[in-house]
Amino acid sequence: MLKSKTPSASTQSSAIASLRAITGATQADATRLLKKAAWGVERAIDLFYNDSAAQAAANGASSKAAASNDKKLGQIWDKYKDESSNLITIDGTMKLCEDLDIDPQADLVMFCLATDLGSKNLGEWPRDEWIKGWKAISPQVDSIESMKAQLPALRKRLVQDPEYFKKVYTHTFSLSLLQAGARSLELDTAITYWQAFLPPALESTPSALASTRPDAASSSSPPEFSKDDLGLWCDFMRTKGKAVTRDTWVLFIDFVRSIDKDFKDYDEEAAWPATIDAFVEYARQKKGTA
């Protein structure tokens, strides 16, 4: 009777890696189970889930890895924290941006991080939220280099994922209020952020500002609101000269996603802020569609 041929070392390594990725098995248990399964990954998976000792070892390894990552993330936070407070503050943030190759004046990924890492004030990062947030972004993050590796995906998600865009955009309002208890955002700040947040999303395919109109071909249909329309909005807001309320800030994104290119299908009876009602009339006159 012929014996089955032992797979090559590279094939064995690939099988071990696959089994560990699927089950979390230790290196030793993955090797043992695969040998028992004649190097068949599917059979080894069945063996793993019928092996309480292997499962216990996997859970223990996972817990140790998580604890190790917590420690490493805490050590990174300690490197940038302010010595006189329990926060990373603006000086530490500037150093962090330098190490992550982030331009804090131009890169919206800073607002992604502020949202995901629980920052309540610009340039400030509490320790527990920092650790929890990085683990949520990726369980593999445990160094500056691995943090840096996550940034392209966050930038892409911001311009392509409607829910994530809205989450970051909404958090930016609270983050940017000048005083505790303030309810409105300074107009110049709001315009700067609209001009930063919206154009990349409007140009992206798929777009975080994809049309939600009933006649949209799909959930990824491009918005009919344009960069020229954004210019009209900013011009209109300058003529108003007033700070921006949270209601206007948040619902403006819903408006962008739902309006048609000529602003003809706007529902005046819907619960839009008065500012948006007035803008539609202004835009229709400018477009000649009144």
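## Aromatic pairs and cysteines

Phe-263 and Phe-279 are both buried, where buried means under 20% relative accessible area, exposed over 50% and partly exposed in between (1.4 Å probe, protein chains only). This is a predicted model, in which local features need pLDDT of at least 70, side-chain atom pairs count only at pLDDT 80 or more, and totals for chains, interfaces and linings use all residues. Residues are numbered from 1 along each chain as its sequence is written, and side-chain values use heavy atoms, with hydrogens and water left out.

The structure holds 30 aromatic pairs. Rings of Phe, Tyr and Trp (its six-membered ring) pair if their centres lie within 6.5 Å; planes under 30 degrees apart count as stacked, over 60 as edge-to-face and the rest as tilted. Two of the pairs are listed here.

| Pair | Centre distance | Plane angle | Class |
|---|---|---|---|
| Trp-125 and Trp-130 | 6.4 Å | 75° | edge-to-face |
| Phe-263 and Phe-279 | 5.8 Å | 70° | edge-to-face |

Phe-263 lies in the loop between helix 12 (246-258) and helix 13 (274-287), and Phe-279 in helix 13, so the pair ties together parts that are 16 residues apart in sequence. Helices (H or I, at least four residues) are DSSP runs, numbered from the N terminus. Trp-125 and Trp-130 are both buried.

The charged end of Lys-287 sits over the ring of Phe-263, 5.0 Å from its centre; this requires NZ of Lys or CZ of Arg within 6 Å of the ring centre and within 35 degrees of the ring normal.

There are zero disulfides, a disulfide being a pair of cysteine sulfur atoms within 2.5 Å. The sulfur of Cys-97 is 13 Å from the closest cysteine sulfur, in Cys-112, too far for a bond. Cys-97 is buried at 1% relative accessibility.

Methods:
Helix = DSSP H or I, 4+ residues; strand = E, 2+ residues; numbered from the N terminus.
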